[in-house]
Amino acid sequence: MRPGRVAAIILMALVLQTTLFARFSFEGARPEVLVLVALMAGFVAGPEDGAIVGFATGLALDVVVSTPFGLTALVYTVAGYAAGSITSSVLRSAWWIASLVGAAGSAAVMLVYALVGAVLGEPTLSGPSLATIVVVVSAVNAALAPLATMALRWARTDDVDRGRHAFLSR
């Protein structure tokens, strides 16, 4: 993946997360688009790139949230790797596969995040209902998954290689 393009996607998702989506709330639950970037990176580029992008998105979010520094990075790294590992054998020709990965992965990540936070003494299980958080995050990420997939496929393309192959095929 091209680092500059991935950084632009992460920055855009962080800005959307902290400005636009921070205003939306359903019974205290808010959308989490950065986890979608980590999941779709694993889906598009495989487990290694998914883990790297997951770590970067987690660190970006850790800078602006009040949880222990590194908690989000840890969970998102595992999420990106798991999404890449699990979906490596999935047939990707159906249009709805990305939405399914986004919804199911987001639900799993929210559950793991709450459990890891609780183990570390954070009040992740207090506040909004965990079921509400899972439903809101999964629904929003299922809707945004095709867009995130297109953005990460754009980040994966290499203009130099594409031009070289076009030149050699003449």
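A pocket here is an open set of points on a 1 Å grid over the protein atoms alone where a 1.4 Å probe fits, with protein on both sides within 12 Å along at least five of seven lines; lining residues have an atom within 4 Å of a point. Grid points are joined across faces, edges and corners, and a volume is the space filled by probe spheres set on the points. The model is predicted, with local features needing pLDDT of at least 70 and side-chain atom pairs pLDDT 80 or more, while totals for chains, interfaces and linings use all residues. Residues are numbered from 1 along each chain as its sequence is written, and side-chain values use heavy atoms, leaving out hydrogens and water.

**First stop**

Select E32, V65, T67, Y113 and I133: of the 26 lining residues, these lie nearest the centre of the largest pocket. About 750 Å³ of space lies in this pocket. Next, colour α1 (3-23), α4 (71-86), α5 (97-119) and α6 (130-156), each of which supplies at least two lining residues; helices are DSSP runs of H or I, at least four residues, numbered from the N terminus. The largest share, 4 residues, comes from α1.

**Second stop**

Now select L39, A82, A83, I86 and G105, which lie nearest the centre of the second largest pocket, among its 19 lining residues. The space in this pocket is about 320 Å³. Keep α4 and α5 coloured, as each supplies at least two residues of this lining. α5 gives the most, with 9 residues.
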